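Me: Could you take a close look at the aromatic rings in this structure for me? I would like to hear how they pair up and what sits around them.

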Amino acid sequence: MKELRNYHTHTYRCGHAVGSDEDYIQAAIQAGYKVLGFSDHSPYRDYPNNKVHMDWEQVDDYIQSITALKEKYKDQIEIHLGFEAEYYPYTLEEKKELLSRVEYLLLGQHFSEPTGMVCSYFRRNTDEELEEYADMVCEALDTGIFTYLCHPDVFMNRQESFNEKCAEISHRIVRKAVETNTPLELNIRGVTYGKRAFGSQMEYDYPHKDFWRIAAQYPVQCIIGIDAHDPRDLLQLHYIEEGLREMEDLHLNFIEDPIL
């Protein structure tokens, strides 16, 4: 395994992760990580935390905490600070404001609106909702503010099969990633959930092999993301090995460090 690096790490502030900021750093050091990037779910001024993202009032504490820990552990590990953010056109200026205070934004399109209550792409979606997901992702990548795209294949969660619409939007997303020079994340959190039956095949919901077969047809860059919500996630290195073995025959173009 190459040097361990992860830019996709959450904190308790989002409402669905556990552990202190320092716990994640100590776990990363114990596991042998060279780089740890924090990217908790970004807030909105007009939409309070519904256990899907931090509150706007927590931003200062988040930045101060990670900045102090970066200095404290500078001789042991390289620490970076960012957010994982959704894309909605009407909150774009807020995202640019947040980006001005940190090093990077990751795109993680989980919902169709900021409250997380209307449409979740973690459930089985209609063709129209799949099209909407692709539209939002592609429009987001065109803004140029996102360092990489988290779990691009998350739309396969709870789908019955990788149908023609799934293939169509996969091609769209990968083409846009190539066009905008945006890496795609092979999300290891999806590996931890195990495989389930898609017809006669056993596959992960994500990273879904059919999506990555399409990605392998393009000159797209790929990156490993742990998507840690618990410090222990950083210690379970066998899941990284499992995910890489699953994709080994595709010869994906993995990079270690994105351009922050």
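**Aromatic rings up close**

Reply: Happy to! In this predicted model, Tyr-44, Tyr-47, Tyr-88 and Tyr-90 are joined by ring pairs into a cluster. Searching the whole structure gives 10 aromatic pairs.

One of these pairs is made by Tyr-24 and Phe-38, an edge-to-face arrangement with 6.3 Å centre to centre and 80° between the planes.

Next come Tyr-62 and Phe-83, whose rings form a tilted pair: 5.2 Å centre to centre, with 45° between the planes. Tyr-62 is part of helix α2 (residues 59–72) while Phe-83 is part of strand β3 (residues 78–85), so the pair ties together parts 21 residues apart in sequence. Tyr-62 and Phe-83 are both buried.

You also asked what sits around the rings, and here charged side chains come in. Lys-195 places its charged end over the ring of Tyr-204, 5.2 Å from the ring centre. Arg-196 has its charged end over the ring of Phe-198, 4.1 Å from the centre of that ring.

Definitions and conventions: Residues numbered from 1 in each chain as written. Predicted model: local features only at pLDDT ≥ 70, side-chain atom pairs only at ≥ 80, totals over all residues. Heavy atoms only, no water. Phe/Tyr/Trp six-rings, centres within 6.5 Å; stacked < 30°, edge-to-face > 60°. Helix = DSSP H or I, 4+ residues; strand = E, 2+ residues; numbered from the N terminus. Buried < 20%, exposed > 50% of the residue type's maximum accessible area, 1.4 Å probe, protein only. Lys NZ or Arg CZ within 6 Å of the ring centre and 35° of its normal.
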